[in-house]
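Colleague: Please walk me through the cores and aromatic pairs of this model. Keep it brisk.

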Amino acid sequence: MKNILLRISGFLCLVLLSSPQLFAKIKSEKINFNRYYFQQDTTKKQDTTKKVPVAKPADTVKAPVNPLGGARPVTTPAPVPTTGTPAPSATAAPAASAGQKTITGTVVDEKKIGLPGVGIKIQGKTGGSVTQENGKFSINVTSPTDVLVFSYIGYQSKSLPAGNGATPLTVSLVPSGAQNLSDVVVVGYGTLKTKEVTSSVAHVDTAQFRQSGARNPLDLVQGKVAGLNLTRTSGSNPNSGVNVQLRGAVTVTGSSSPLFVIDGIPGGNPDLLQQDDILSVDVLKDGSGAAIYGTSANAGVILITTKKGKPGAPQFNYSTYFRKEYIQNRLDFLTTDEFRQKITSGALDAQDYGGNDDLYGSLVNKDNLSQNHNLSLSGGTNNTNYRASLNYRDLQGIGLENGRKEYTVRLNVNQKGFNDKLNIQMNLASNFNNANTLGGSGWEEELVKNPTKRIYNENGTFYFDNQSTNQYARLQQERSKRQQQTSSADIKADIDLAKGLKGSVFGSVQRDSYTDGAWASIFSERSVEDADYPGGGYASKGNFLSQAFAFEPTLQYNTIIKEKHSISAVAGYSYRYNVEEGQSASNRGFINDQFHEDNLTTGIALTDGRATATSFKNDNTLIAFFGRINYAFDNKYLLQLILRHEGSSRFGINNKWGDFPAVSAGWNISDENFMKNIKWVNYLKLRVGYGVTGNSGFSNNASRVVLGGGGRYIYPDGAYRETYGPTTNVNPDLKWETKRELNIGADFTLFNSKLKGAVDVFDRTTKDLLDQYTTPQPPYVLANIYANVGTISSKGIELALSYEAIKTKDLTFSMDFTGSTLSNKLVSYSNDIFDVKYKTFGGIGGSGALGDAITTYEGAPLGEFWGKRFAGFDAAGKWLFYNRNGVAVHNDQINYSKDPNLTDLARIGNAIPKYYASFTANLAYKNWDFRMFVRGKFDYQILNTTALSYGNPSIKGSNYLRSAFDKYSQINDTYQYSDYYLEDGTNLKIDEITIGYSFKFKTKLIRNLRVYATGQNLVTLTGYTGNDPDFVLDSGLGPGVDNRNAYPSTRSFLFGLNLGF
Amino acid sequence: MFLLVGLGFSCTKLDENAYDQIPADVFYTNKNEVLSAVLRPYTHANAWVTPSGQNGWWRMAELSADQLAWPTKGPHGEDGGQWKRLHYHSWNVDEDGYNNAWNLMYWGMGLCNSPIQNLENRSISEMGITQAEKDSYIAELKLLRAFHYLKLMDLFGNIPISLTVPTGSVPTSEYPATSSRKEVFDFIEKEIRENIEKTPKLSREMLGRMSQAGGYAMLVELYLNAEAWTGTPRWDDCIAAADKLITNQGGGQNGAMALDNDILSQFNTTNDLSKEVIFSVAYDYKRANFEPGFAADFFHFAQKDIYGGGRNGNDGVVVIPNVYNKYDNDDQRKKQWLLIGPQFKFANLKEPVLGTVEYAGKPLVFVDNIQKNSKNSTVSTMSEGEENSGVRFNKYRLGNSIAGFALNGTDTVRVQPDPNYNNTDWNIYRLTWIYFAKAEAIMRKNGGVATTEAVTLINDVKKRAYTAAAWPSHAYTTATLTLDELLAERGREFIFEGFRRDDLIRFGKFTTTEWWDHSPSSAFRSLYPIPQRQLDLNSKLKQNPGY
């Protein structure tokens, strides 16, 4: 296998090297691969007025909605359309026909703007016409009863009688909705039309994005891709990320985030993307499509395409929004007054420190106002086009000193040459940001400390004590910031080498660097209470640099044999190299606050050997050879084959390379004759695919014995120096995880194209799970070895639907629905050598070392809570739990063994929602538009750690939830983890409501103007009593444990404006 | 195109680089690298020999006995019931904590095997050391390895012996099998005897390391417990090994080995200057930036206010009720090694240290009981503690990092920051313990009755705890120094030092007697179970009898 691939790559090298000669030879062929690019943008709002005929649908491949019908390639229409193509029959009887009439009119889109390039034909007859730039047309008909058929890509066809031509016709075309069958889907190293796709791919483009102040590119597609699960455990903290999981957990320790491919950059950085720069997002959900990305693809692949310039007049687009956030869900703790009253009444034995501050409230940035400004300019000619955008964002969190200001520039240039045989595309993007990371934490501390504690002493200085941190003072007296620059540059050259054969060379560089600085004043609590240098301040500075290089030459070949056999193939080589390095240093013992972190040497801790200095560097290489073949017979029977041969420097010497094959097939049933009579089915395709992918997302040097420092010890000369010993057990067999996945799906359009959707069923198994497996000691030195042992599986069903309920001139109403269900199992965690019967996850945290909440046994579902079963309280308020015989006993009689045959612990719940669903309603009435987005998670449990820790009235020293004095009042015992604190997490959230208004202008100076208002996180319906259930991790292996220190859940309101001119 | 040509040479090259780590095969190239590997097991010993805040040997050796416990204190310390199960002797075969101790101890053992194997396989020229250095490093490491097996055998009895480290995957057929406790005992004895003379004597240069002195101390421990561990008493061997140390034949870390004259020199911040320390884990926060680990288990949440240092703890291990009263009031150890009563700030002795949980904002007063005094409860169990429950550890001292005050009699004296703050070494063996062992061996040989020699040995160490005036009324005689009294005195002298479980076993009391919240357990509980995790992984291991 390796030899074959080497030969293929050798051939590829040869062809590329000789390509200058090749393209010098071939000049006259007309192959318009590159024109695909300009059809990807389905944001008709922006491009309809300036539609340039050359950007019409690429027709070298048969277009399913070719306006003129038939398989005959259409030549590029002339800039000024003909006023009517003379039909053969018409020329046969020139001017003689008394019925011959010229019908004129205008074709407009849903915004009443003239549509150029709309194909018009006469039903059942030959001849036709095309609309001009302003949408006007004229066509000759022979009878008033002739039926004119208007067709345009992306719009529903319309038929109407020609009439007598007395008055010009106005024909309104309406967009054909979310899933246009001619949409181009990005599938990695190329594109396919929706109709040709055989694997499970979700395509979401600009028109379907959520237009509501996205913080992350994936926010745009939330609720649009069934099976894509986003959890934002840090809420709206502007310096936090989002947890992404596709189709359940596929790994234990490997990389669990999908691979991002941005304009072809593998491992692209989503931080470089602004909402307005994104054209479309494609998600390769199953292995049969993702295999093209081999060892990086186990968690799925998310391909993001950015907007490109378009030929035509220059365009400016400006968009902005302002957002204000309000705390939505504050946990119900006693207020200072209530706490004090309870002390007075004797209900509470606590100290009154005399303060009257709202400690938690003091951390809230009530004046928060975030803003976003984006200006893009684009334009070009047929040979060169460009798009540049400049973005400025100032994101302010709900916490003080918790914000982020950033600038992003992005530039895209495309240029053709050599008679359109060469197309070069360049992207350059850079993000400069300043993050204030000091705030946004400390919420739990101020929520649960004795609320009579003060912020200030009587004399106006900050109140400090050893037992807690004055978080408000910390925000005033410390500093923590990150200055980051992230850039990427990529270039892609496409060369038409021969008819149907194209060569591409792609190269990219990404560079991410930041400087962190932190400082604490000599008056700060951290400094005052420092053990070694009390009052000596603190300062640190660190740098990080990450560079990622990719080089990927490919060859693509397309051909149609005998009109029915369509073949497209791609073969390529991929070289990826990543390197990371950094250093940091800190010092203490300063005499004043003069230098902050900008002159680290002046602290005394450095002299004493108590300052810190660290540095690190690591790199890894990934090399692959890959190929894909798509074959279609008569556009009905589709087959796709993929093979990737890939190696990683991280793998052990015995297993450097692996193969990742995939096969998938599709059947466009609705094109079969026997389906023609089933009128309610407009389109139906069945798909089945099987693919193998891998995961190489683990640390470097995991397969060999490396030595690490073990702390300093005394040498014979009395000096203390570092000691070194092995830090890993050797495993020369270490390799990638392998996921095998079967996907069966159907795409359909039903009921007059009103209902569209896709359903997918999948069954995936990841074998050779990477983890730290327990080694027998002895002979192994360390307790764990990084090895490939276990198996994890998931099975599920996903459904995506969109329904156009009403579609009239003034009113449209449509709905989108996605739903998914999943069963995720740890099939095995043992092999001949390593034997693990169970694994625990989900640390409960807090006092009392309650351990992990989740125990996953071999063969059992992920996310199962294992714990004690609550049996009530005894007369003294002590916990009682059921033992395995159903007898209520005290905790010290509970058998905590993990052996299911002995233990008194039981399966008490599951933290992974059984069902996910989302619903979007879109309503447009004249100039108004309205969108509501609702999503929910159903049938799962959450461990309410806040109640566990702060609802227990017998525990002293902190503030209490109000429920400690009613619901939980009888507890007179220490913290215990049991099903008593498991609550139903089911929730339904009205996540977004947007109302917008589009102005109409007579002038040509302003192309469009829309203003909108959005409310986010408006209503949460749930029985759960802890934090916002949305903040509780519901993916991965340790879900379901609520966070005591959760970032506040906020409700936000946003006002935005989009302007095109 | 030229890019591709340039790439052609590295088209399929997947070498792995290490920049900030050291692949094992490029090490041992100079003397300091050799030493850095020889010394690695000592920094690791911090984790398992000392009360480091982890489940290592120390917790298992103390918290199942009759002096120390980790009761639940309000919200803290329930910890899945693991401390109760230690106290009640009701542990399961699959306790994570005991597997952790096994992991840590065998890891340390592997950190001895690794340099032994590397040193043996390399020439002295490639390592830049002399043959004498090579031999002495290997002998030292073999003694240190024997020490690991000694403590493993102490807890688990019948254990596997392994002397190499894997260089590739190990077939399950090559996993080591269980050796009986007797076999392990014999192996340890043989290793010590074969290597003790090749190992350097204890000296200032060997501070904190295994030496001849440490080797003799191991022999003393081995022979003292020989009857309990193998059924065969070895009292004469025990006395002989003890005499080697008492007569300074193993060297000393500060000149000739001798008892210190007081009861603090062994435990204070300059205990590297003690004359009686035989083997210790050395700490020097100032130069190594590495602190002794005991604060975590012993210290209260506000402990640093009490002693003027920088470290608080988890309010974990406390003294079981009434152990405090086993010291008479003239005994300086009662005052010096234990903390009780109201606590005052080191920085200002007039200001009380405040509690943080049940006594938040109120004076912190350590009491010799474990019950909810704040609720006027007298229920005294492992479940009913509060933040101030139990008398506290004060034997080892970290020193003070800030200036403050101390009471000297009734006078308040100003104390400057301790230049050796946080440098306190943790003793594994000290000469006092050898004196006790020898005295016990003599008594055992003598039918459990003290001889004059035994009484002298014990009196020599005990009198340091008394003023000259008070001492005569507390000195032992051959009549008063019974075996039971010896056990009680061992308790007073070696509290917190990790020997109590062994003492109770040797005196036949570990599983048969009751104390505080503990009832007699079963004889098989004298050994901990082989962790189920290990049995699952290595089918050649056998579970200990009774489990």
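**Rings and cores**

Modeller: Start with a cluster: ring pairs link B:W58, B:F267, B:F294, B:F298, B:F299, B:Y307, B:W337, B:F393, B:Y396, B:W426 and B:F496. Rings of Phe, Tyr and Trp (its six-membered ring) pair if their centres lie within 6.5 Å; planes under 30 degrees apart count as stacked, over 60 as edge-to-face and the rest as tilted. This is a predicted model, where local features need pLDDT of at least 70 and side-chain atom pairs count only at pLDDT 80 or more, while totals for chains, interfaces and linings use all residues. Residues are numbered from 1 along each chain as its sequence is written, chains are lettered from A and ligands numbered from 1 in the order in which they are written, and side-chain values use heavy atoms, leaving out hydrogens and water.

Colleague: Are A:Y713 and B:Y42 buried or exposed?

Modeller: Both A:Y713 and B:Y42 are buried. Buried means under 20% relative accessible area, exposed over 50%, partly exposed in between (1.4 Å probe, protein chains only).

Colleague: What are the distance and angle for B:W102 and B:Y106?

Modeller: Their centres lie 4.8 Å apart with planes at 45°, so the pair is tilted. B:W102 and B:Y106 are four residues apart in helix α6 (residues 96-120) of chain B, separated by about one helical turn. B:W102 and B:Y106 are buried.

Colleague: Which residues have the most contacts inside the largest nonpolar core?

Modeller: In soluble globular proteins, nonpolar side chains tend to be buried together. A nonpolar core is a set of buried Ala, Val, Leu, Ile, Met, Phe, Trp, Tyr and Cys residues joined through side-chain atoms within 4.5 Å. Here the largest has 153 residues, and B:F147, B:I159, B:I188 and B:Y429 have the most contacts inside it. Helix α8 (residues 131-156) of chain B gives the largest share of this core, 13 residues. A second, separate core of 67 residues includes A:Y780, A:Y838, A:Y857 and A:L943.

Terms used: Helices (H or I, at least four residues) and strands (E, at least two) are DSSP runs, numbered from the N terminus.
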